[in-house]
Amino acid sequence: MTDRAQDFAAIRKALDFAVSAETDDSLVLTGDSLGLLAHVPTGSVSLILTDPPYHTTKKGNIYGDRAFDEDEHFLEWMEKYAVEWKRVLKTNGSIYVFCSSEMSARLEVMLARHFRPLNHVVWTKPNEPGYDGWKGKMKKENLRRWYPHSERILFLEHGAYGSWEAYRRSPLGEYLLECRKKAGMSGHKLTELTGAYGKVNHGGAVANWEAGRNIPSREQYAKIVEALESTGKVDKMLDYDDIVRPMAVRSGMEFTDVWDFMSVRPFKGKHPAEKPLDLLSHMISASSYPGDIVLDCFAGSGSTGVAALRAGRRAVCMEIEEQWCSRAGKELAAAEKGVDLTTTREHHMKKSPVVFDSLFD
């Protein structure tokens with residue numbers, strides 16, 4: 001397995017000029033993330049989880065939300081990120097991009113020029129009373145479209161649209177097909193050697209893996225490596241954690257493309273676009289391995305980094321506004337020590353609505 005610690009150290013060294021806060025396993029980088037991305041080493045990030053300005057919401061308290069007069073200008077700007085994301089993301093990496101329902105379709109079409117879209121997730125936000133001020137105040141009789149209460153999350157991996165077969169094939173599938181052909185071995189034979197050859201399944205297991213319909217287990221992949229490398233025609237194959245895209249879903253987790261997570265409850269010092277930790281943790285635990293590096297290019301107050309540290313991952317947080325970098329540094333330092341600032345914050349908010357920053361100076 002590629003040493004994620006070495007990758008993290010390389011990122012730290014390359015971006016030393018922008019570090020405003022750090023822990024053993026996290027970095028807060030202050031500056032324009034598009035410029036910062038250019039310094040991130042190629043293929044060093046396992047998961048990109050980010051929440052760029054939505055553009056269509058035009059909120060004055062969110063940096064960049066009013067920066068573009070035309071939708072096309074916003075999409076051109078986001079495509080510059082897509083180019084960099086493609087470069088820094090590992091072969092088996094995943095991307096989650098938050099966006100508004102209004103821009104999701106056009107953003108997904110643009111991103112599909114660089115990645116393979118996997119899901120268009122709807123985040124429903126089934127909030128309790130008091131969470132959504134505008135929703136409660138909205139004069140329903142004035143509506144000329146449905147109130148945009150939900151948000152969208154685009155889920156992507158390496159790959160692109162093309163022929164039907166090419167579209168279905170994942171980076172793992174392409175890699176297995178390439179190695180098997182180089183070894184001169186049939187799918188039937190490789191299926192038999194992995195122990196997946198049954199009375200009904202005549203080579204279909206390998207065909208399914210190569211097409212991207214499912215993946216081999218760690219044990220099956222080890223047998224694939226042994227079988228193909230033993231031919232002497234295939235170089236040392238990649239480790240499981242460096243080629244198989246993680247997708248860990250289990251009982252009790254959201255498993256459809258409609259997610260029910262409440263928004264962050266309002267409090268003094270809250271970032272205007274802050275995302276709930278349980279939602280972020282859901283994505284990180286499902287789509288990364290322990291020790292992996294999680295990148296957020298629009299980190300805000302650092303919630304993605306906090307969720308990453310709690311899950312035993314590493315975090316690289318980029319944020320252009322210094323006030324949020326300051327809070328992110330405090331949040332990450334507390335998370336690395338195992339302190340839950342969410343609980344502390346709620347306790348203090350119940351007693352006295354003080355400004356959050358003053359609690360941890």
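A: Let us begin with R12, which counts as partly exposed because its relative accessibility is 21%. Buried means under 20% relative accessible area, exposed over 50%, and partly exposed in between (1.4 Å probe, protein chains only). This is a predicted model: local features need pLDDT of at least 70, side-chain atom pairs count only at pLDDT 80 or more, and totals for chains, interfaces and linings use all residues. Residues are numbered from 1 along each chain as its sequence is written, and side-chain values use heavy atoms, with hydrogens and water left out.

Q: Which residue meets R12 in a salt bridge?

A: A salt bridge is a side-chain nitrogen of Lys or Arg within 4 Å of a carboxyl oxygen of Asp or Glu. The partner of R12 is E22, at 2.9 Å from N to O. E22 is in strand β1 (residues 19-23) and R12 in helix α1 (residues 4-14), 10 residues apart. Helices (H or I, at least four residues) and strands (E, at least two) are DSSP runs, numbered from the N terminus. E22 is partly exposed, at 43% relative accessibility.

Q: How many salt bridges does the rule give, and which parts does the pair D25 and R314 tie together?

A: The count comes to 20 salt bridges. In one of them, the closest N and O atoms of D25 and R314 are 3.6 Å apart. D25 lies in the loop between β1 and β2 (26-30) and R314 in strand β9 (residues 314-319), so the pair ties together parts 289 residues apart in sequence. D25 is partly exposed at 27% relative accessibility, whereas R314 is buried, with a relative accessible area of 16%.

Q: How are α12 and α13 oriented to each other?

A: Two packed helices are described by the angle between their axes and the distance between the axes. Axes are lines fitted to C-alpha atoms, for helices over the stretch in contact, and angles run from 0 to 180 degrees between N-to-C directions. Helix α12 (residues 277-286) and helix α13 (residues 303-310) pack at about 55°, with axes 9 Å apart. The two are therefore oblique; angles under 35 degrees count as roughly parallel, over 145 as roughly antiparallel, 65 to 115 as roughly perpendicular and the rest as oblique.
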